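Hello,

Here is the structure I promised to pass on. Please have a look at it first, and then read my notes below.

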Amino acid sequence: MMKSLLLAVLFLGGCATMNIDNFEDDSLTPNEMQMIATVGGEIMAGQYPPGKTTVALNPVGAFGEYLVEALRQRGFGVQESNAVALHYLLDQLDDRTWRLGLITTDWRNDSVFHRDGNNTLIRGTQTQRVAP
């Protein structure tokens, strides 16, 4: 319970401005990064209409490339003009937990992924905020 509260506080304090760079932890396997990117595409599709939304995304590594592909598979245009600026954060919170932050000017979603007893990466909790 205390860990969940701490994570919530970290997520809420995350984005005061949109002057941020993309970041990705590279300790995950390519398959794990693809799985998280697919979830990221699902999350974006729940917030913005695919087929009608383009996003400006500047990937900084392998995860960013997987995220671009996942967004395109969902029907988003990527790196086109008049786009929703999308920033991401894939960071390691501890030795068994990672966070995916998807951030636009008016919305943020943070999803937690952790390793279970079989060392398989699984999706955990999620928080979402919309700018007032």
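Let me start with Ala37, which is buried at a relative accessible area of 0% (buried means under 20% relative accessible area, exposed over 50%, partly exposed in between, with a 1.4 Å probe and protein chains only). A word on the source: this is a predicted model, where local features need pLDDT of at least 70, side-chain atom pairs count only at pLDDT 80 or more, and totals for chains, interfaces and linings use all residues. Residues are numbered from 1 along each chain as its sequence is written, and side-chain values use heavy atoms, with hydrogens and water left out.

Ala37 belongs to helix α2, residues 30–47 (helices, H or I of at least four residues, and strands, E of at least two, are DSSP runs numbered from the N terminus). Not counting residues up to four places away in sequence, Ala37 touches Phe63, Tyr66, Leu67 and Ala70 (contact means heavy atoms within 4.5 Å).

That brings us to helix α3. The buried residues of α3 are Phe63, Gly64, Leu67, Val68, Ala70 and Leu71. Seen down the axis of α3, they fall within an arc of 165 degrees, so they line one face of the helix (the arc is that of the directions from the helix axis to the C-beta atoms). These buried residues pack against β1, α2, β2, β3, β5 and β6. After α3 comes Gly75, with a positive phi near 105 degrees.

A polar atom of the Asn22 side chain lies 2.7 Å from the backbone oxygen of Asn58, and one lies 2.9 Å from the backbone nitrogen of Tyr88.

Now for the charged pairs: the count comes to four salt bridges (a side-chain nitrogen of Lys or Arg within 4 Å of a carboxyl oxygen of Asp or Glu). One of them joins Glu32 and Arg115, whose closest N and O atoms are 2.5 Å apart. Glu32 lies in helix α2 and Arg115 in strand β7, so the pair ties together parts that are 83 residues apart in sequence. Both Glu32 and Arg115 are buried.

Asp91 and Arg99 also meet in a salt bridge, at 2.6 Å from N to O, and both are buried. Another links Asp110 to Arg108, with the closest N and O atoms 2.8 Å apart. Asp110 counts as buried at 0% relative accessibility, and Arg108 is buried at 5%.

Best wishes

Methods. Polar contact = N/O pair within 3.5 Å; in protein donor to acceptor, adjacent residues only side chain to side chain.
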